[in-house]
Amino acid sequence: MKHSIVITILLIFLVACSHVTNEKKVNNEVNKLALTWYQLAEKNRVNHEFSKALKHYELSYEFALKRNNLRLQLFILARQASVFSQLGKKAQSLVKLSSAKELLAHEIPETSEEFNILQITVLKHLGQHEEALELLNSNKTFFKTEEQKIYANWLQQELETEADKQNSNSDLSSNLDNDFNFLYTLYEKNKLANLEILTYVGIRYLKLLSDNQKPELQAALRDMLRFFSEQENGAKTAQCYKIAANYYGSVGASDKANYFSKKAKEIEAYLIN
């Protein structure tokens, strides 16, 4: 009896072990750490906290290497290149861009379209507007949704303006008003997929309204200040106030211009990078 009990226990143990060994076990703890640091770095980048962003991208890259998450490694290298380009550190930006291209060519060439989209921003900040425009035009099929197409059109307009400043103009069209209103309505309805698109288009829209001394700036300014307040983006809030200061200065409202300029400087003084 005792012998049969021992055999029964042994069989149960062996069956239990067989279930463990037959299942595919995937550890994801390192990958979670890589993604956590990446998300924090992205928030830092959007808020122009560039020193923090670089630090957190590096931590994310360390764990992405350990996990061998190739896509994340590629995106981190591209984002690091972007931050360095915004800081005016061209050599360091190009080093990161070169590393990303090497990874892309040897391990994940199928991700080339996504990488090209990230690369456009880097080239823009490096002042290589013609190259950025060429890359944008050759990857237009990437932009499928309406908000993505709006972003691509606005980016194309900016790059064309920068590439040919002599023949550029900053005239407004009704499409620009419609684009901004469309994106902001999506945001209010919580249907905007990418907040950075509204960030980019909104700032560009305010600049165009200011350059053309359009009173519509006042309503758009209220919307964008609310948006950046809700996103807790102090850097972009300060940028909005700077644009407002320029606008009111150009229309002769010196008191308002001085106030908004002072407000921008006050916010920037508290921004720790």
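A salt bridge here is a side-chain nitrogen of Lys or Arg within 4 Å of a carboxyl oxygen of Asp or Glu, and the structure holds ten of them. This is a predicted model, in which local features need pLDDT of at least 70 and side-chain atom pairs count only at pLDDT 80 or more, while totals for chains, interfaces and linings use all residues. Residues are numbered from 1 along each chain as its sequence is written, and side-chain values use heavy atoms, with hydrogens and water left out.

View 1. Glutamate 29 counts as exposed because its relative accessibility is 54%, whereas lysine 32, at 45%, is partly exposed. (Buried means under 20% relative accessible area, exposed over 50%, and partly exposed in between, with a 1.4 Å probe and protein chains only.)

**View 2. Arginine 226 meets glutamate 188 in a salt bridge.** Their side chains come to 3.0 Å, N to O. Arginine 226 sits in helix H11 (residues 217-230) and glutamate 188 in helix H9 (residues 174-188), so the pair ties together parts that are 38 residues apart in sequence. Partly exposed describes both arginine 226, at 40%, and glutamate 188, at 48%.

**View 3. Glutamate 268 pairs with lysine 242.** Here the closest N and O atoms of the salt bridge are 2.7 Å apart. This pair links distant parts of the chain, 26 residues apart: glutamate 268 belongs to helix H13 (residues 254-270) and lysine 242 to helix H12 (residues 234-250). Glutamate 268 is partly exposed at 32%, and lysine 242 is partly exposed at 40%.

**View 4. Glu42, Arg45, Arg79 and Glu196 form one network.** Salt bridges that share partners join these four residues.

View 5. Leaving aside residues up to four places away in sequence, alanine 132 touches Ile120, Leu123, Lys124 and Leu159, where contact means heavy atoms within 4.5 Å. Asparagine 116, 16 residues away in sequence, is 9.3 Å from alanine 132, C-alpha to C-alpha. Helix H7 (residues 129-137) also contains glutamate 130, which is exposed at 56%.

Conventions
Helix = DSSP H or I, 4+ residues; strand = E, 2+ residues; numbered from the N terminus.
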